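Take a moment to look over the model before reading on.

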Amino acid sequence: MSKQKVSRNQKRMEKYLTPALGWDVEFTVDKAEGSYVTCEFGKTYLDWSSGTAVNITGHRHPKVIEAVKKQLDTLVHSGCVYQYDSLLDLCERLEKVTPGDIGMFFFSNSGAEAVEGCMKAAKFVSERNAIISYRGAFHGRTMGCVSVTTSNSKYTKHYTPLASIYRALYPHCYRCPLGLELKTCDIACFKQFEAITKYEVPKEDVAAVLIEPIQGEGGYVVPPKEYMQMLRKWCDDNKVFLIFDEVQSGVARTGKWFAADHFGVTPDLLAIAKGVASGFPLSVVAGRPSIMKKWLAGAHGTTFGGSPVSCAAACATIDLIEKEKLLAKALKNSVKMLKCFNDLKDKYKFIGDIRGVGYMLAIEFADKNKNPDKAKCEEFLAKCLENGLIMIGCGADGNIVRILPAVTSTDAEIEEGLAIIEKTMKQIAK
Ligand SMILES: Cc1ncc(COP(=O)(O)O)c(C=O)c1O
């Protein structure tokens with residue numbers, strides 16, 4: 001977008017919307033379809049933000065819209081007063097696609113609610129209070145969720161006191177908190193995790209360990225498989241629940257139904273949101289029936305959670321991903337994308353790291369000493385926008401770009417996005 005053009009909504013945005021919430025681009029969208037959005041100035045963009053990792057089947061997929069329209073003609077809201085089919089239809093589908101024996105559910109609206117729900121279920125059922133979470137985690141913005149969020153200190157400013165939480169170091173191999181190399185480290189960071197229950201809180205008081213199996217907002221960090229398996233064993237040995245926050249990484253985003261599937265680890269409780277209903281508000285606390293059955297009546301609740309319309313959208317989303325074999329397609333295309341990004345890394349000194357799985361990929365801008373290069377990252381995002389590609393950033397240093405195509409992207413759309421990224425890298429290298 002040329003800088004001179006001012007959105008028709010700019011004045012209303014400034015007048016009515018608190019600046020607490022930031023926006024990524026300064027234009028109004030008049031139409032969105034599939035992988036593209038068309039703005040008020042007539043320009044069409046390829047959307048690799050997917051509305052912050054939500055539009056997993058693109059914008060307004062015809063099958064999703066058809067299911068929603070059908071539901072609109074029968075029941076829009078129940079408020080947990082009467083039963084409806086779309087809710088149970090969704091449970092049957094979720095039981096099939098969630099890892100291991102996860103098979104009982106509580107529905108809410110946002111990612112934060114799902115994470116809060118998992119923490120409440122873990123505390124209620126274990127009758128313990130402590131939660132261990134991870135440095136760099138983003139779990140949402142309610143008071144409970146900011147207590148476990150450390151992807152950036154801005155999220156907790158002036159909000160203390162927070163819930164009592166213990167923090168482990170996330171296994172981040174590019175920026176190893178212990179300064180070690182994966183080849184020789186013997187997963188030394190797991191010892192720091194174990195030390196928490198030696199020095200800070202007894203194991204018997206820990207209700208759950210809460211972790212993003214792939215860290216999102218914190219920087220698209222993929223931990224070593226061994227770490228996740230060690231964590232599962234530790235939780236089993238100590239009768240502590242393992243909660244996976246898959247609000248961002250779940251529902252096909254990584255080319256598998258859940259990131260858990262990449263590690264061969266089944267959590268006890270799983271927070272699902274974002275992509276699950278292709279843009280309609282829905283989140284899920286998913287758990288092992290042995291745990292969920294003990295979360296007794298009155299221990300939690302909702303008015304809008306599990307809306308009939310959102311459930312219909314979620315059923316259509318899961319059916320579509322399954323029928324069109326979109327998981328395999330995302331995994332296949334991501335190999336091509338990673339190769340392209342790694343070639344760019346070899347060429348341009350300002351690219352420090354390439355990482356991610358499936359369609360949850362990231363480019364980190366940093367020099368050879370790993371000093372974050374926020375300015376280059378911002379220049380890259382702005383130029384990509386000019387070149388017709390919308391992407392968003394992440395990471396506490398603002399130097400990481402996330403790449404989030406819809407799983408319904410055609411091969412031609414993937415090529416188009418890669419070509420824009422290659423062209424833009426060349427421009428910013430000058
Ligand atoms: C991993 C993770 N957990 C929780 C949340 C919070 O979700 P919501 O903004 O829907 O409350 C997010 C949002 O980005 C997230 O990425």
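Setting aside its neighbours within four places in sequence, Thr-98 touches Phe-258, Leu-270 and Ala-286. Being in contact here is a matter of C-beta atoms, placed from the backbone, lying within 7 Å of each other. Thr-98 sits in the loop between H4 and strand E4 (104-108). These labels are DSSP runs numbered from the N terminus: helices (H or I) have at least four residues, and strands (E) at least two. Is Thr-98 buried or exposed? With 25 C-beta neighbours inside 10 Å, Thr-98 counts as buried. The cut-offs go like this: 20 or more other C-beta atoms within 10 Å of a residue's own make it buried, 12 or fewer make it exposed, and anything in between is partly exposed, with C-beta atoms placed from the backbone.

A word on what you're looking at. This is a predicted model, in which local features need pLDDT of at least 70 and side-chain atom pairs count only at pLDDT 80 or more, while totals for chains, interfaces and linings use all residues. Residues are numbered from 1 along each chain as its sequence is written.

Now for helix H3 (residues 62-72). Its buried residues include Val-64, Ala-67, Val-68 and Gln-71. These four cover an arc of only 100 degrees around the axis, so they end up on the same side of H3. That arc is the one spanned by the directions from the helix axis to the C-beta atoms. Turn to the other side of H3 and you find Glu-66 and Lys-69, which are exposed. And what covers the buried residues? Among the covering elements are helix H4 (85-97) and helix H12 (308-323).

The axes of H3 and H12 come within 8 Å and cross at roughly 150 degrees, which makes H3 roughly antiparallel to H12. Axes are lines fitted to C-alpha atoms, for helices over the stretch in contact, and the angles run from 0 to 180 degrees between N-to-C directions. Under 35 degrees counts as roughly parallel, over 145 as roughly antiparallel, 65 to 115 as roughly perpendicular, and the rest as oblique. The crossing of H3 and H12 is right-handed; a crossing gets that name if the near helix is turned clockwise from the far one by less than a right angle, and is left-handed if anticlockwise. From H3, the residues making the contact include Val-64, Ala-67, Val-68 and Gln-71, and from H12 they include Ala-312, Ala-316 and Leu-320. By class, the contact of H3 with H12 has 11 nonpolar, two polar and two charged residues. Nonpolar here means Ala, Val, Leu, Ile, Met, Phe, Trp, Tyr, Cys and Pro; charged means Asp, Glu, Lys and Arg; the others, Gly among them, are polar.

How do the axes of H13 (residues 326-347) and H15 cross? They come within 11 Å and cross at roughly 10 degrees, so H13 is roughly parallel to H15. Asn-333, Met-337, Cys-340 and Leu-344 in H13 meet Ile-414, Leu-418, Glu-422 and Met-425 in H15. That contact has six nonpolar, one polar and one charged residues.

The other partner is H14 (residues 374-386), whose axis comes within 9 Å of that of H15 and crosses it at roughly 130 degrees. H14 and H15 are therefore oblique to each other, and their crossing is right-handed. H14 brings Lys-376, Glu-379, Phe-380, Lys-383 and Cys-384 to the contact, and H15 brings Ile-420, Ile-421, Thr-424, Gln-427 and Ile-428. Those residues divide into five nonpolar, two polar and three charged.

Finally, some backbone details. The peptide bond from Thr-160 to Pro-161 is cis, with omega near 0 degrees. Pro-161 lies in the loop between helix H6 (143-147) and strand E6 (165-168), and counts as exposed because it has 7 C-beta neighbours inside 10 Å. In helix H2 (residues 50-53) you'll find Ser-50, whose phi is near 50 degrees, a positive value in a residue other than glycine. Thr-52 is also placed in H2, and its phi, near 55 degrees, is positive too. Ser-50 has 28 C-beta neighbours inside 10 Å and so counts as buried, whereas Thr-52, with 16, counts as partly exposed.

Note on methods
Two residues are in contact if their C-beta atoms, placed from the backbone, lie within 7 Å.
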